[in-house]
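Here are my notes on the model. Please read them beside the coordinates.

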Amino acid sequence: QLERLQLIFVGAPELEDKINTPRLGQFGRKIGLRCQINALTEDESRKYIDHRLKLAGSRSQDVFTPGALSAVVRNARGFPRIINIICDNALMIGYGLSRKKVDVDIVRQAIKDMEVPTGKAHIPAKMMSVVKQIRLAAQALLFFRQRFLSSFFI
């Protein structure tokens, strides 16, 4: 007797659109259960950020100014993935600037860095992504070198 294979697909709303295309029609009809998670409310977004920071041993009011937190919530529009990206980029920028708290200007810069330029005069999106990854990796290496290696050589 053959056992049925059970798969779980998780993705952005665009995944549903792709599954519903005529090309994947038979596949889409075989899906037994579909669930959708709606965007977080403003209050849920704030609690989500605070929860993530508590897991790291901190609190949102210790890391973000009230204006910065509002800017993250407003611009992420309730999408946890976008909240994570904005917060991560803002924390990296804040660290690079040696700031004790992330303010609204840092969040604006993090959001601006997320935007992919359009037009022929700009760097292609793939190259921009690589540049950002290299920059973030360099900042992370600097952080770890200062934070951990100094304790070994004191």
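How much accessible surface does the protein have, and what share belongs to carbon and sulfur atoms? The total is about 12,300 Å², with 59% belonging to carbon and sulfur atoms. Areas come from the Shrake-Rupley method with a 1.4 Å probe, and for residues only the protein chains shown count as cover.

1. Basis. This is a predicted model: local features need pLDDT of at least 70, side-chain atom pairs count only at pLDDT 80 or more, and totals for chains, interfaces and linings use all residues. Residues are numbered from 1 along each chain as its sequence is written, and side-chain values use heavy atoms, with hydrogens and water left out.

2. Fold. The protein has 8 helices and 0 strands. Along the sequence the pattern reads α-α-α-α-α-α-α-α. Helices (H or I, at least four residues) and strands (E, at least two) are DSSP runs, numbered from the N terminus.

3. Of the 154 residues, 23% are buried, meaning under 20% relative accessible area with a 1.4 Å probe, protein chains only. Take the contacts (heavy atoms within 4.5 Å) between residues at least 6 apart in sequence: 52% join residues at least 24 apart.

4. Helix H5. This helix spans residues 66–76. Its buried residues are Ala-68, Leu-69, Ala-71, Val-72, Val-73 and Ala-76. Their cover includes helices H3 (42–55), H4 (60–63), H6 (80–96) and H7 (104–114).

5. Asp-50. This residue is found in helix H3. Why does Asp-50 count as buried? Because its relative accessibility is 16%. Neighbours within four places in sequence aside, Asp-50 is in contact with Arg-59, Ser-60 and Gln-61.

6. Largest pocket. Its space is about 1,400 Å³. The lining has 31 residues, and Phe-9, Val-10, Gly-11, Leu-15 and Cys-35 lie nearest the centre. Helix H1 (13–19) and H6 are the elements that give two or more residues to this lining. H1 gives the most, with 5 residues.

7. Pocket terms. A pocket is an open set of points on a 1 Å grid over the protein atoms alone, where a 1.4 Å probe fits, with protein on both sides within 12 Å along at least five of seven lines; lining residues have an atom within 4 Å of a point. The volume is the space filled by probe spheres set on the points.

8. By class, the lining of the largest pocket has 19 nonpolar, 6 polar and 6 charged residues. Gly counts as polar and Cys as nonpolar in this scheme.

Notes: Buried means under 20% relative accessible area, exposed over 50%, partly exposed in between (1.4 Å probe, protein chains only).
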